[in-house]
Amino acid sequence: MAEISADNAPKQRVKAARRALPEAWFAWLLVAPAVIFIAVIVAWPLAETVRLSFLEADLGGEEWVGLANYTDLAESRRFHDTVLRTFYWMFLSVGLKLILGLIGATLLNAAIPGRALFRVLVMPPWVIPIAIGCFGWLWLYNGHFGLISGMLQRFGIIDGPFEFLAYKSSAFYSAIVTDVWIGTPMVTLFFLAAMQGVSRDLYEAAWVDGAGRWYRFRRITIPQIMPVIVSMALLSAIWTFNSFEIIWILTQGGPRGATTTLIVDTYKTAIGNYKFGEGAARAVIIVILLAIFSLIYLFFLNKVNRRYGAK
Amino acid sequence: MATLNLDHISKSFGPAQVLHDIDLAIRDKEFVVFVGPSGCGKSTLLRIIAGLEEATSGRIVIDGADVSTAHPVERGISMVFQSYALYPHLSVFENIAFPLHVQKMPKAEMKTRVQRAAEILQLTDKLHLKPGQLSGGQRQRVAIGRSIVREPKVFLFDEPLSNLDAALRGDMRVELSQLHRQLSATMVYVTHDQIEAMTMADRIVVLNNGRVEQFGTPMELYHHPATKFVAGFIGQPNMNLVPGVIADLDGSGAAVDLDGGGRLVLPVDTNGAAKGDRVEVGIRPEDLDLGTGLDLSVRVIERLGGVTLAYGTVGRDVRFCASLDGVAPAREGENLGLAVDPAACHLFDASGRVMRRKSAPAFSA
């Protein structure tokens with residue numbers, strides 16, 4: 001029978017270390033592509049953006065200005081309006097997407113003839129490229145040859161051509177409509193998938209107990225899909241907050257800033273006016289706001305999963 | 001409580017007819033079990049009683065009132081589902097109180113009823129928990145509690161023990177039987193498990209391909225199966241069926257020549273049978289003893305302690321099983337002599353209908 005002497009122990013530790021070292025290196029090798037990828041496309045640009053935000057930077061060069069870009073923004077009434085407008089844009093658009101998504105999913109989940117066809121018909125706004133969808137809406141909103149203005153005139157609701165994107169209030173809500181049109185299908189499909197995951201037995205048990213349609217929806221469907229509702233609400237909020245293409249194609253942030261959200265403002269400042277430092281400061285503020293959103297998202301998701309997720 | 005009458009119920013899904021003219025009268029406070037293989041229509045029949053499916057034709061009558069088109073609540077039934085159908089986001093209390101909440105019952109009365117149900121089902125200390133925190137048996141009890149608080153006329157159970165492990169299923173069978181006695185309720189119970197049917201039922205409905213094969217007490221079904229199907233379905237291990245031909249008939253019974261050789265004279269009612277008719281002799285494995293009569297070519301032996309099951313073939317390669325004493329000297333690969341008591345045998349005609357036995361245990365009459 002072999003015995004391990006005390007003298008052998010250090011040698012074994014060395015051997016173990018020799019074995020462990022290549023393993024650690026192998027592990028690093030495996031994650032290296034991802035680490036390099038993240039470093040190049042996320043970490044470095046983020047660090048560069050933060051650095052730029054402390055500079056007065058344009059095509060002519062760079063100059064250290066410290067927190068000046070941030071203090072300027074803190075004192076800018078226009079920037080405050082943009083932040084408020086961005087939140088208003090986000091809450092209104094996300095609220096509508098969730099409500100319409102919930103109604104749409106409920107209808108698509110109902111046992112109606114041709115349900116499969118309706119499910120397919122929901123997809124186009126989401127499937128077709130955003131630019132093409134936006135150009136379609138651009139034409140619809142046109143006062144002279146747009147369908148909406150034409151229909152309203154035909155039914156006598158307006159007297160003459162109405163340019164939806166030419167006025168401050170109508171441009172903002174028109175952009176909201178387009179954003180909701182593009183964003184609702186995905187919300188609908190997620191809600192539909194969640195609804196289909198709810199056991200049919202739960203509804204039948206409730207039906208046998210005398211629960212009506214609305215009661216079942218309120219007491220079974222909503223709580224059962226609540227984790228998905230919360231996930232979609234917060235993800236949709238982040239996406240809507242950052243929604244750029246729709247506004248840019250429809251109004252480029254106009255008229256007179258009526259549709260300028262933080263992301264559009266950042267683009268206009270940094271790329272349109274070549275004020276890279278000021279643009280970077282705005283971008284950093286967006287990152288901070290979205291980080292707060294992400295924390296809220298995780299906090300609510302955990303809470304909701306604890307409340308509703310236990311199966 | 002209440003009587004339940006199924007009056008010529010038929011049900012079709014498109015061109016497929018799944019229930020054929022089901023006609024049953026279930027008595028007050030009776031525990032009736034629908035049993036049959038998968039796809040026989042037993043769950044569909046239960047769902048029709050519950051109001052979850054509509055019968056294509058026929059009537060459901062509860063306590064003399066035709067409830068065929070009534071809402072489940074108006075029928076006075078409650079149902080326990082195979083999956084328990086508990087609301088995962090609600091506590092045990094809220095789950096049990098759910099039907100009362102729907103009825104907008106005053107909170108004090110709701111609490112009293114839930115407490116009473118919880119006491120019956122030993123759930124008093126679990127009322128604050130969520131279903132996810134309970135064991136399978138406890139979840140099933142919560143589902144039953146939800147039924148109890150409704151104080152229905154008829155309780156319906158759709159394979160409620162199928163999701164439980166074997167040991168727990170045995171315990172729950174006893175609990176359900178006790179509950180039936182305690183509540184003195186009319187209960188209809190669906191299962192594919194013949195042991196559940198035999199142990200719990202006052203009467204059993206055996207369904208096959210949407211038709212009632214037989215409706216009777218467990219002992220009637222065991223000792224006087226009306227058809228070959230019932231004979232094969234009730235009893236564990238399954239009844240052996242040995243083909244043969246009627247060699248002789250007289251007032252006392254029929255002499256049957258078995259295909260593999262040998263003759264059995266069976267004391268059965270042979271009304272309508274004729275010499276030369278093809279028949280099958282049904283022999284329950286537990287009615288066999290070591291002796292002479294049949295030669296079993298043993299292929300597999302299962303020793304369960306108290307009994308030994310010997311599987312093999314007899315005659316012209318007919319599959320056969322004998323349930324013998326635990327220490328029976330049976331060995332795989334050898335032949336085993338078996339003694340058959342003709343009085344314990346069943347005889348089925350070519351259509352599978354039984355020729356009624358003249359002698360059978362007294363309690364089965």
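Two strands pair if DSSP finds at least two bridges between them. Keep that in mind for today.

Some housekeeping. This is a predicted model, so local features need pLDDT of at least 70 and side-chain atom pairs count only at pLDDT 80 or more, while totals for chains, interfaces and linings use all residues. Residues are numbered from 1 along each chain as its sequence is written, and chains are lettered from A and ligands numbered from 1 in the order in which they are written.

Start with strand β3 of chain B, residues 31–35. Strands here are DSSP runs of E, at least two residues, and helices are runs of H or I, at least four residues; both are numbered from the N terminus. What does β3(B) pair with in the parallel sense over 4 bridges? That is strand β9 of chain B, residues 203–208. There, B:Phe34 has B:Val205 as its bridge partner. β3(B) also pairs with strand β8 of chain B, residues 186–191, in the parallel sense, over 5 bridges. In β8(B), B:Met187 is the bridge partner of B:Phe31.

Is β3(B) mostly covered or mostly open? Mostly covered: 5 of its 5 residues are buried. Buried means 20 or more other C-beta atoms within 10 Å of the residue's own; exposed means 12 or fewer; partly exposed is in between; and C-beta atoms are placed from the backbone. In a regular strand, side chains alternate between the two faces of the sheet. Here, B:Phe31, B:Val33 and B:Val35 point one way. B:Val32 and B:Phe34 point the other way.

Next, an open sheet in chain B. It has 4 strands, in the order β2-β1-β4-β5, with antiparallel pairing. The edges are β2 (16–26) and β5 (65–66) of chain B, each pairing on one side only. β5(B) pairs with β4(B), residues 57–62, over 2 bridges. Within that pair, B:Val61 stands opposite B:Asp66.

Now the domains. Chain B divides into domain 1 (4–231) and domain 2 (232–364); such bounds come from an automatic or database domain assignment. Their C-alpha centres lie 36 Å apart. Still, 15 residues of domain 1 of chain B are in contact with 20 residues of domain 2 of chain B. Contact means that the C-beta atoms of two residues, placed from the backbone, lie within 7 Å. Which element gives the most to the domain 1 side? It is α8(B), with 5 residues. By class, that side of domain 1 has 9 nonpolar, 4 polar and 2 charged residues. For the classes, Ala, Val, Leu, Ile, Met, Phe, Trp, Tyr, Cys and Pro are nonpolar, Asp, Glu, Lys and Arg are charged, and the others, Gly among them, are polar.

On to chain A. It has 13 helices and 2 strands. Its radius of gyration, taken over C-alpha atoms, is 27 Å, well over the 19 Å that the globule rule gives for 311 residues, so chain A is more spread out than a compact globule. That rule is 2.2 Å times the number of residues to the power 0.38. Along its principal axes, the C-alpha trace spans about 100 × 75 × 30 Å. Of the 311 residues of chain A, 31% count as buried.

Last, the interface. Here 17 residues of chain A are in contact with 18 residues of chain B. On the chain A side, α9 (200–208), α10 (213–241) and α13 (276–308) each give two or more residues. α9(A) gives the most, with 6 residues. That side of chain A divides into 10 nonpolar, 2 polar and 5 charged residues.
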